[in-house]
Amino acid sequence: QVQLVESGGGSVQAGGSLRLSCAASGYTYGTGCMGWFRQSPGKEREGVAAITTGGGTTYYADSVKGRFTISQDNAKNTLYLQMNGLKPEDTAMYYCAAALTGGSWWSLLLPAFYTYWGQGTQVTVSS
């Protein structure tokens, strides 16, 4: 059974940085994908960044390109999201997700592609 546990959320001022972590257990790296998603009250869950766990290819939503970086440490079974230049519109609950298989690049930022989800960590950015 795959379990994902996020940490690292918090409150920061605009322009600040946070690093989210997602500890994965029961997940085999190398053939699937992992991603970060976020959801604000009243809005749909949206893909932020994704990474193929075998090749390390990364994908980003346009809204975070150049500011966020997704990475993985396979030895520690941990996924990261480094968030720099945070804006108030980045405020949301952030979720880690995992899929056991790969997919087309356009699908990796879609919530429906993923099977396993963490409980989320809140990020609040004040202006």
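This is a predicted model: local features need pLDDT of at least 70, side-chain atom pairs count only at pLDDT 80 or more; totals for chains, interfaces and linings use all residues.
The protein contains 11 strands and 0 helices. Read from the N terminus on, its elements therefore run β-β-β-β-β-β-β-β-β-β-β. Along the principal axes, the C-alpha atoms fill a box of roughly 40 × 25 × 25 Å.

The next points concern the inside and the surface. Of the 127 residues in the protein, 43% are buried, where buried means under 20% relative accessible area. The accessible surface amounts to about 6,200 Å², and carbon and sulfur atoms account for 50% of that surface.

Contacts show how the chain is brought together. Taking contacts between residues at least 6 apart in sequence, 59% of them join residues at least 24 apart.

One residue can be followed in detail. Tryptophan 106 sits in the loop that runs between strand 9 (92-99) and strand 10 (116-117). Is tryptophan 106 buried or exposed? Its relative accessibility is 54%, and a residue counts as exposed over 50%, so tryptophan 106 is classed as exposed. Methionine 93 is 13 residues away from tryptophan 106 along the chain, and the C-alpha atoms of the two residues are separated by 23 Å.

Terms used
Residues are numbered from 1 along each chain as its sequence is written. Side-chain values use heavy atoms; hydrogens and water are left out. Helices (H or I, at least four residues) and strands (E, at least two) are DSSP runs, numbered from the N terminus. Buried means under 20% relative accessible area, exposed over 50%, partly exposed in between (1.4 Å probe, protein chains only). Contact means heavy atoms within 4.5 Å. Accessible areas come from the Shrake-Rupley method with a 1.4 Å probe; for residues, only the protein chains shown count as cover.
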